[in-house]
Amino acid sequence: MKELYEKMINESVAALQADIDVISKNRYNDFKIVDAKPYADAVAGMTCADGQAESVIDLHKKSVESHYKVLTSVAETIRPEDDPFIEHYQTPPVLEILCEEDGEFAESMDAFIKAIADNEALIAKESIRRYGGFYGPTCVVDFALMPGSTSNVVNQILQTIDIPVMHKQAILSAKSWGMNTSYGVGDAFANAIEAGATAAEATQKEIEALQMIYKEPVEAQGKLMDDAGHSSFDVRKFMLGYKKEMTSVVKAAMDDGVHYGNIVTVPAYCVGDIGHHIGQASYNMCKDDVILAVIQATAKVMEASLKANVDNFKTPYNVLSLATGSTACAAEYILELDGFNAPMVVDLLTKRFHNFVQQYPTRGAAAELHNCDFMDMIYRGYTSINNARKARSSQKIDLVPKAAGFDVDLSAIAENEVLMNPQRYTYPACGITVRFSSLMRLADYPCLLTPEPVTATMMTNIIALNKEVPGSPVRGCKNCAACMIDAKHEYCQWKESV
């Protein structure tokens, strides 16, 4: 298994480092899609180990290859306002391929679409709660089954119908880790209410929107982008080109017995580095030296921690848990260098959220999703760091937190010239909030801290070992940070996942 762990680490580090290197090199330049080729090359180097399904690895590799090929054929660059949607053009075509190739799955999809309308009361309740901020800060596209998320609502609807369990799981996966369009539950409702509709009329608008993304996913995403003013390229042309490129590899995965839930998810999460994580918004954000240093140092903490523990892992999930846990520790540790900690930030961002709802009732459905990701990450890191501080007591020794039971090496932070000299980036005698302010910028965009390229690569490796088991959504309690303030545990669906 050690060879497998090393493969997971090397492939994941290569993907993340490709992003960081490109951003570091080009952060003062105008973004061109071809800038992202190093990431595409890193993914092309992924291999299939003994015991892994090559069909799953191929879904990941072919998706990145197809995404890069088609995207460079339809555009030279992408404006920042359009780049978040780059990850939302993969699941719709793949979902359509599954329905076209498997009539029984298409019938199950029709049953689910009908059930959306049959659950009018549920749709109304969840839309009203999301609109009014009932659940507090909410990641509407959460990969878990958090209250207020689209996957939470989809799961509740799926529980009311009688279709094969595998089909239920695939439909659920398609709107969790799989990103079937950019739509988030409650958006149509909120806009209808603010435009003067009654609650009943707004609920019908919501039902129509939810049904549309499953009836005709590609066209639905096209319409959503029309409404959003997307102008960087022809999104329909991209999705049709991507669908053509991906049809054979999707069919191969179906023939190989890969769970449909994995087929709709694996191709989506791995492409966002091309045009999104490597994109103009990232370049602009990382013009700030401290922000870039946070990303660079966090990546080094992860890499050092993974490589130091390669002989200690017992399962592939250990590798993933340490990867995400180590970056959480790093982010929290940097936060604490300026005298802040996760409970303070969760309190701040939660209070801000409730004011934000009142100021912007038609806020985008996904507005606070990355704030939620950031809070969950630092809260996880806080738990580990806090335990390590208590265990160290007053001893003058290095702080070594544990993530998933494994030591985290924080030395890359102490060795980072920028992070250890914040006075150089503000009024020098008062440089006590510099790192915190940079982390607040990253609170809106923590993708390379969580870190998404690593999670995508490692999850594909894990799914390739268990192709018949759906890898998403997360079927477990996230220990979410928001629950420190908003008591919403009883609205979570993690134990009831189909």
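## Basis of the model

Residues are numbered from 1 along each chain as its sequence is written, and side-chain values use heavy atoms, with hydrogens and water left out. Because the model is predicted, local features need pLDDT of at least 70 and side-chain atom pairs count only at pLDDT 80 or more, whereas totals for chains, interfaces and linings use all residues.

## Helices H5 and H7

Helix H5 (residues 103-118) packs on helix H7 (residues 150-158) at an angle of about 100°, and their axes are 9 Å apart. The two helices are therefore roughly perpendicular to each other, a term that covers angles of 65 to 115 degrees. Phe112, Ala115 and Ile116 of H5 meet Val154, Ile157 and Leu158 of H7 in this contact, where contact means heavy atoms within 4.5 Å. The residues of the contact divide into 6 nonpolar, no polar and no charged; Ala, Val, Leu, Ile, Met, Phe, Trp, Tyr, Cys and Pro count as nonpolar, Asp, Glu, Lys and Arg as charged, and the others, Gly among them, as polar.

Lys114 is also found in H5, but Lys114 is exposed, with a relative accessible area of 52%; exposed means over 50% relative accessible area and buried under 20%, with partly exposed in between (1.4 Å probe, protein chains only). Lys114 and Ile161 are 47 residues apart in sequence, and their C-alpha atoms are 9.7 Å apart in space.

## Buried helices

In H7, 9 of the 9 residues are buried, so the helix is largely enclosed by the rest of the structure. The buried residues of H7 include Thr150, Ser151, Asn152, Asn155 and Gln156, and what covers them includes H5, H6, helix H8 (165-173) and H10.

Helix H21 (residues 434-442) is likewise largely enclosed by the rest of the structure, because 7 of its 9 residues are buried. These are Val434, Arg435, Phe436, Ser438, Leu439, Met440 and Leu442, and they pack against helix H15 (280-285), helix H16 (289-308), helix H17 (316-337), helix H18 (342-359) and helix H19 (369-392).

In helix H9 (residues 187-194), Ala188, Phe189, Ala190 and Ala192 are buried, and the buried residues of H9 pack against helix H6 (120-132) and helix H10 (199-215). H9 is followed by Gly196, whose phi is positive, near 110°.

## Cavities

The structure holds 3 cavities of 30 Å³ or more, where a cavity is a set of points on a 1 Å grid over the protein atoms alone at which a 1.4 Å probe fits but cannot get out, and lining residues have an atom within 4 Å of a point. About 100 Å³ of space lies in the largest cavity, and of the 13 residues that line it, Pro137, Asp142, Met146, Cys372 and Asp376 are the closest to its centre. This lining has 8 nonpolar, 1 polar and 4 charged residues.

The second largest cavity holds about 50 Å³ of space, and its lining residues include Ile23, Ser282, Met285, Tyr445 and Leu442. By class, this lining has 10 nonpolar, 1 polar and no charged residues. Leu442 is also one of the buried residues of H21.

## A pocket

The second largest pocket has about 160 Å³ of space; a pocket is an open set of points with protein on both sides within 12 Å along at least five of seven lines. Tyr333, Asp398, Leu399, Val400, Val408, Asp409, Leu410, Ser411 and Ala414 line this pocket, and they divide into 6 nonpolar, 1 polar and 2 charged residues.

Key:
Axes are lines fitted to C-alpha atoms, for helices over the stretch in contact, and angles run from 0 to 180 degrees between N-to-C directions. Helices (H or I, at least four residues) and strands (E, at least two) are DSSP runs, numbered from the N terminus. Angles under 35 degrees count as roughly parallel, over 145 as roughly antiparallel, 65 to 115 as roughly perpendicular and the rest as oblique. Grid points are joined across faces, edges and corners, and a volume is the space filled by probe spheres set on the points.
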